[in-house]
Each structure stands twice: as structure tokens, then as C-alpha cells.
Amino acid sequence: MLKATGAAAGAVGLATFATPSVAAGGTFAHPGLLHTGADLARMAAKVKAGASPYTAGYAKLTANRHAQSDWTPNPQAIVYRGVELRPRSTWPQNYGILYNDIHAAYQNALRYHVSGDSAHADTAVVILNAWSAKLTKVSGSADRFLLAGLQGYQAANAAELVRDHPDFELGRFQKMMLDVFYSVSEDFLVRHNGTPAPHYWPNWDLCNMACALATGIFCDDQTKVEQAVEYFKHGVGMGSIKHAIPVVRDDGLAEWMEAGRDQGHSLLGVGLMGTVCEMAWNQGIDLYGYDDNRFLKGAQYVAKWSLGGNVPYTPYAQVDRRPGIQQPTQVAPADPAQMRPVWAMIANHYTKRRGLSATYLTQIAAKAAPEGGGGDYGPNSGGFDQLGFGTLAFTRDKATDTKATPKPAASAPASGAASDARPQTAATASASASASPAGGSDLAATGSGEIVGWTAAAGVTAVAGGLLFLRRRDRGRHGAS
């Protein structure tokens, strides 16, 4: 028995929306994107106490070349992604410079909050200030929309971790986020590059939703947050939740639309949808639980399939006929060795915050642990699509109250005098965060899990990294599939 719900009646574009519930009074908590002040305090306390699996996750961070305080940025005035096939337009595809620098800023900022070493905060600020002083545009082929979405949400998250640093040019960075990244993401969600909204695969919408939401929170702009939330629920494109997860089954699984395409893009989509849900949750908006935990069912489906399990597949054309040449008729092959750092965040939300059973999520999160970040999953763009380090950042103790009632994250208290203010490191603000080593029970077998973290995998799972292209559904119109 299945329920086909891909084309929700009354679907809307970004420019038309109802008003969802957002943080009370339109105020936003900071830090409040992927990490709250409480999250950062937990990481610092657990690492200081030598608790597993946090120490393994932190070791992955400190070993990454991007997390070193001697990183030197290389800002560009214009960043390009995608090869234009028409001879009248040529440009240097230089977006790798940007994503390497953003991941260096994020990793240094995260390392600062765990260790308290201000050299890493200073490095993150130098990187981010250099880019906001020079970057004026993201451009290229249609792939510029991927560039704006992916690097936009990542840049906002890196900056959020140092927004109170006295040397950080907050206003200038906010202007860059709005003018350079958000403007392109908004254009895509409204116009879809001049194509019918269903023309692009879900990840195109999802990364641009992530950018719009992250920008709205980072810039304290309630309208932009409302737009992103409403698009997630009812947007006309393939990334809105009922298009990305078009079929809900009675066995508790829900079909991921791109499972008929390939595993890599399905992993990317799960990670991006989880990113949107986590950022919203930290501002008091529950997208994780929207439509009877639809995302949980879709993530469970991808986890089971990626672990080598058999999953049902209904060809998308039978669910909701849409334009486009590619119409997969069966689920794509899956390689259990292919891994992306997307699972710890999602599994911990459902099993620890909410106390729900999610057997496949716990199994795959254990297999992926300890999760690394940009630079650990291959040198090309696919290895930098997620910020990663979920074992460190998202492992949590089981909540005593597991009702789905998110509250905006508490703002971090002011730290230091105005003349020597720095973002308060969680390493010095975490006295109340307990540290408890992992117990002996088998998390993967329990489903809901009672132990602190994912401990089934002690080392790093081999990754089928390489180049992960995000391509359009139609080869004919734009020259890519």
C-alpha cells in the first residue's frame, strides 16, 4: 500500500507564501544555524572529558588540512562554476578556491569553539573578511545556482560561528550574503533558470533553500526565513518535501525521488534536507516532523538502500507526470562503501531528541562514524557539499523530554569587554554540559539507542569520493543530464 503525494495541491513558488510559525517576535537566536551555543558547549565539554565518540570526531577535525590556523585565503572578485558550451562565453572555473576557503573558515571556527585556541577564530575571521572585501558575483553556466546554494549556506554557517569576533566585518559579510549568494538562490527558486519548475533535480532546490534559510537567519530577516520554510513545504520545484519524497509507504519508508537516478545524489539530497531541518529547528521551527515525519521516512529509505537493503521503487512518472527526458523505472544500484557525512545529524535528531526508533539511520550513522568534513571525501566538489563532522557536532545524549516542541536556541551570552571581545568559546562556557563515555549497548540494534554516540565504526569507512556532479534532468536543453 502506498500513498502518492508528489504534486501537492496549491503548490507555490517562493514569491507566494503563507506565514509559518517562526521564532517568537521575529527575533533570531545566535549562534543558531547548524550549531547553537548549547551544541558548542557540549562538544567542548565532551572532548575535554575524553568522551567517545566525540574524541574520535574531534581527531578527524584536527587532522584535516583545512582546520589549521596557518590557512591563507585566496579571495576572488568573481567565482565561476560550470563549463559554457557556447563559444561566445568562456570563463575560468575557479569555484574550488571558494569552497576550500569556506571549509577552512568553518573548520577553524569549529575547532576554536571546542579547543578555545583563539588562533583558529582569528584565522576564520581573516578568511571570511578577505572574501567579503572582494567577492562581487557568482557566475558561470546554470551551475552557478549550485554554487550559490551550496557555498552560500556554508559561508553563512562559518560566519555564524565568529559573528561576535571584534575583527569580523559582520555588516559587510551580511551584505555579501544578500547581494552575491541569496540573490542568485532566490532567482532560482522563483524562476528555475527559465524552465518549468520540475525541470531540475531536487538537490538544486534544496541547496538554494538552504542558502535562503541560512541567509535569513544570519541576517535576522524573518521574511526570508518564512519564504524558505514555505518553499520547503509547498514549493513548486522538485526539492519541496512532497516532490523530493513523493511516495509514503505503510512500512514506514518513503521513496526518495532521486533513488532512481543514483546513490550519490540521493545522499546529497538527504544531507541538504537535513541541513534545512536542523537550521530551522534551532530557530523553533519543526520541519523534521513536518507531514508526520515524512523526512524521517525518506531518510530511512535511503539509509536502508545505501546499506545494501532492498527497497521498493515506484517510477516517478507513475506518481506525478512531469516534463523531462529522464524517467527512471527502477531503483539505482547502491554501493554500501559509498559514504557522505550526512547521517549523525539526522539520526541523533530522531533517536535522541525525539526518542523515535530509526534502525537504518542508527546502523548507517554507526558505519559512517567518525564523520569527517570537506577534504576527507575526495578533492572534488562532491567531497565539499556538506560541512560534515557530525560525530563531533551532533552526537547527543537522549533528551528527557522528547516531544516535538523546538524552541529558539538561546543566544550566547556576551563575552569579554568591548575592547577585547571574542566569540565565547564553548570550551570556556560549558560547565553545565556533562560528559559521559559511551556505554556498551549496541546502538545499531536498539533503533532508538541509549548510548551517547555512534561507536560501531572505530575508523573511517572507505569512501567512493571522486567527483559528484549535480546535473539537470534534461540533457537536451542545457547540455547535461
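# Helix packing and aromatic pairs in a predicted model

Reader: Let's talk helix packing, then; how do helix 3 and helix 4 cross?

Author: The axes of helix 3 and helix 4, the latter covering residues 118-134, come within 7 Å and cross at roughly 150°. Since angles over 145 degrees count as roughly antiparallel, that makes helix 3 roughly antiparallel to helix 4. The crossing of these two helices, helix 3 and helix 4, is left-handed.

Reader: Which residues make that contact?

Author: From helix 3 the contributors include Ile 97, Leu 98, Asp 101, Arg 111 and Tyr 112, and from helix 4 they include His 120, Ile 127, Leu 128 and Trp 131. Sorted by class, the contact of helix 3 with helix 4 has 11 nonpolar, 5 polar and 2 charged residues.

Reader: Helix 3 also packs with helix 2, so at what angle and with what distance between the axes?

Author: Helix 2 (residues 54-63) and helix 3 (residues 95-115) pack at an angle of about 135°, and their axes are 10 Å apart. Helix 2 and helix 3 are therefore oblique to each other, and their crossing is left-handed. On the helix 2 side the residues are Tyr 58, Leu 61 and Thr 62, which meet Gln 107, Leu 110, Arg 111, Val 114 and Ser 115 in helix 3. The residues of this contact between helix 2 and helix 3 divide into 4 nonpolar, 3 polar and 1 charged.

Reader: Switching to aromatics, how many aromatic pairs does the structure hold?

Author: The structure holds 14 aromatic pairs. One of them joins Tyr 200 and Trp 204 in a tilted arrangement, at 4.7 Å centre to centre and with 50° between the planes.

Reader: Are Tyr 200 and Trp 204 buried or exposed?

Author: Tyr 200 is buried, with a relative accessible area of 2%, and Trp 204 is buried as well, with a relative accessible area of 0%. Together with Phe 145 and Phe 188, Tyr 200 and Trp 204 form one aromatic cluster.

Reader: And the rings of Trp 281 and Tyr 288, how far apart are their centres?

Author: The centres of the Trp 281 and Tyr 288 rings are 6.3 Å apart and their planes are at 70°, so the pair is edge-to-face. Trp 281 counts as buried at 9% relative accessibility, while Tyr 288 is buried with a relative accessible area of 0%.

Reader: Now loops: where is Val 162 found?

Author: Val 162 is found in the loop between helix 5 (144-160) and helix 6 (170-191), and this residue, Val 162, is buried, with a relative accessible area of 0%. The C-alpha atoms of Val 162 and Tyr 112, which lie 50 residues apart along the chain, are separated by 9.5 Å.

Reader: What about Asp 220, which loop is that one in?

Author: Asp 220 belongs to the loop between helix 7 (202-218) and helix 8 (222-234). Asp 220 is partly exposed, with a relative accessible area of 37%.

Reader: Which residues does Asp 220 touch, leaving out those up to four places away in sequence?

Author: With those residues not counted, Asp 220 touches Phe 28, His 30 and Arg 163. As for Ala 29, Asp 220 is 191 residues from Ala 29 in sequence and 9.0 Å from Ala 29 in space, C-alpha to C-alpha.

Notes. Residues are numbered from 1 along each chain as its sequence is written. This is a predicted model: local features need pLDDT of at least 70, side-chain atom pairs count only at pLDDT 80 or more; totals for chains, interfaces and linings use all residues. Side-chain values use heavy atoms; hydrogens and water are left out. Rings of Phe, Tyr and Trp (its six-membered ring) pair if their centres lie within 6.5 Å; planes under 30 degrees apart count as stacked, over 60 as edge-to-face and the rest as tilted. Buried means under 20% relative accessible area, exposed over 50%, partly exposed in between (1.4 Å probe, protein chains only). Helices (H or I, at least four residues) and strands (E, at least two) are DSSP runs, numbered from the N terminus. Axes are lines fitted to C-alpha atoms, for helices over the stretch in contact, and angles run from 0 to 180 degrees between N-to-C directions. Angles under 35 degrees count as roughly parallel, over 145 as roughly antiparallel, 65 to 115 as roughly perpendicular and the rest as oblique. A crossing is left-handed if the near helix is turned anticlockwise from the far one by less than a right angle, and right-handed if clockwise. Contact means heavy atoms within 4.5 Å. Ala, Val, Leu, Ile, Met, Phe, Trp, Tyr, Cys and Pro count as nonpolar, Asp, Glu, Lys and Arg as charged, and the others, Gly among them, as polar.
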